[in-house]
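User: Can you walk me through how this one is put together?
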Amino acid sequence: MAKLNYEVLKNSGYDGYILGKGAAPVKVLQFGEGNFLRAFVDYWFDMSNEKAGWNGKVALVQPIAQGLTKLVNDQEGLYTLYLRGSENGEKVNKKRVISCVDACYNPYDAADWEKIREIACSDELEYMASNTTEAGITYDPSCTPDQQPPVSFPAKVTVLLHERFLAGKPGITFLSCELIDANGQELKKDVLRHAKDWGYGEDFASYIKNECLFCSTLVDRIVPGRIRDPKEVEALTRENGYEDDLLDVGEVFGVWYIEGPKELEDKLPFKKSVLNVHVVPEVAPYKKRKVRILNGAHTGFVLGAYLAGKNIVRECMQDTVIHGFMNKLLFDEVIPILPLDREDCEKFAAAVTDRFNNPFVDHQLMSISLNSTSKWKARDLPSLLEYEEKFGRLPEALCMGFAAYIAFFSNDLQRREEDGLVGKRVAGNEYKIQDDAWVLDFYWEHRKDDAKALAHAVLANEKMWDQDLTKITGLEEKVAADLALIRKEGAEAAYASLL
């Protein structure tokens, strides 16, 4: 079977939208060529070519010495993207060949680095984008401008923007997608620090501050990337009529929040394309919404669901009690304390059901359970405390979720192993609890506590929560009673008692 390229695609009979090879200028220089960026950023720009006639190509930069440059270029930038999941309860499996990628360059190859520098100084370039992982936006004082190329990502960006500045070209809009807070602003700080260390002068610093726009962004799409089943890969190859070494898979849900001035929304092509990409004054409230609703739901219900005999998230969505418990937690307790439009939050929460019910992903509850103590502290405890402060009463579902967390960590403990704590659920199978060693030691030491004693010990543990939670009126008694109910009747019955 022939490898995907423009000629092979034409002969395959594919009838979807395609922007021809060399048919548009490079408008985006993108640092990163991995599965996520190709299923997210490149997807949005590809859709803009079709829906809004944006007419732009994306040049990819391989961020480290080993990467996908050869594979991308062998396929002339083309790759097949499958967006899979559930929408309004219906199974969705969308296929699209992405054609916005012009080429990929390896900066550790001298000729490619020269080409990257040329693109950075072009008249057509409008945007830079990146996802260099959380470790990518890091200041490295060992980097120098005469390195070919500088080692770190911020140092590379500094060199490229300085050359663009010297060439007299307009400033760039930078779209940072790394999973750190204020990603765009953190990158800007590193660029300015390199500029100062390298003596690039105040005029260049002013160019960075006033002419370039570093946007912090919030990305939201689960991208499994690879299809693991060789039989499915073989079947898709036959169906498509070509081999694709860059085939990518993401969930059908996707949303991108970009922090910037209102006029940026009109400049970017996404609004004209009617895509789920939004320019907002700040992304922090939307990150809070994602953490409290999407991540908070996971941590809030899965530990009790596992004790109730469930193994994957999709099973939970098909159980009326567990699904109902999750909805109560989100709609009655989390959404009312979020600083965003309630209707918007409810739509996001409704989409969570579809995302959790994805028929293509078997998301194991035990994988979600890893490091649940810090997750509960970051994702659910703030909602519990803010609800109590706002309404003067305790949120029932969040308190029950807290009790389920304690139950998961203490249920019929068998032994303490080097890498975990072994419990046993009602079904009889053993399971391994994995968290920080001191957390596991704490629960092992308290393995014989009754519900009341254990609830007190957990809530009073300031190392876990950075505060003594027994001081919250009624919380200790409520969690102890919920824990006793879970131990006596089971987690599903305890969840059902709130519905």
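Analyst: Contact here means heavy atoms within 4.5 Å. Helices (H or I, at least four residues) and strands (E, at least two) are DSSP runs, numbered from the N terminus. This is a predicted model, where local features need pLDDT of at least 70, side-chain atom pairs count only at pLDDT 80 or more, and totals for chains, interfaces and linings use all residues. Residues are numbered from 1 along each chain as its sequence is written, and side-chain values use heavy atoms, with hydrogens and water left out.

User: Which residues of helix 13 meet helix 18?
Analyst: F325, K328, L329 and E333 of helix 13 meet E396, A397, L398, M400 and G401 of helix 18.

User: What about the sheet, which strand order does it have?
Analyst: The order is 5-2-1-6-7-8-10-11, in an open sheet of eight strands with mixed pairing; two strands pair if DSSP finds at least two bridges between them.

User: Which strands stand at the edges?
Analyst: Strand 5 (101-105) and strand 11 (277-280); each has a single partner strand, so one side of each has no neighbour in the sheet.

User: And how do strand 1 and strand 2 pair, parallel or antiparallel?
Analyst: Strand 1 (residues 26-31) and strand 2 (residues 57-61) pair in the parallel sense, over five bridges. F31 has V61 in strand 2 as its bridge partner.

User: Switching topic: what is V458 in contact with?
Analyst: Leaving aside neighbours within four places in sequence, V458 is in contact with F402, Y405, I406, F442, Y443, M464 and W465.
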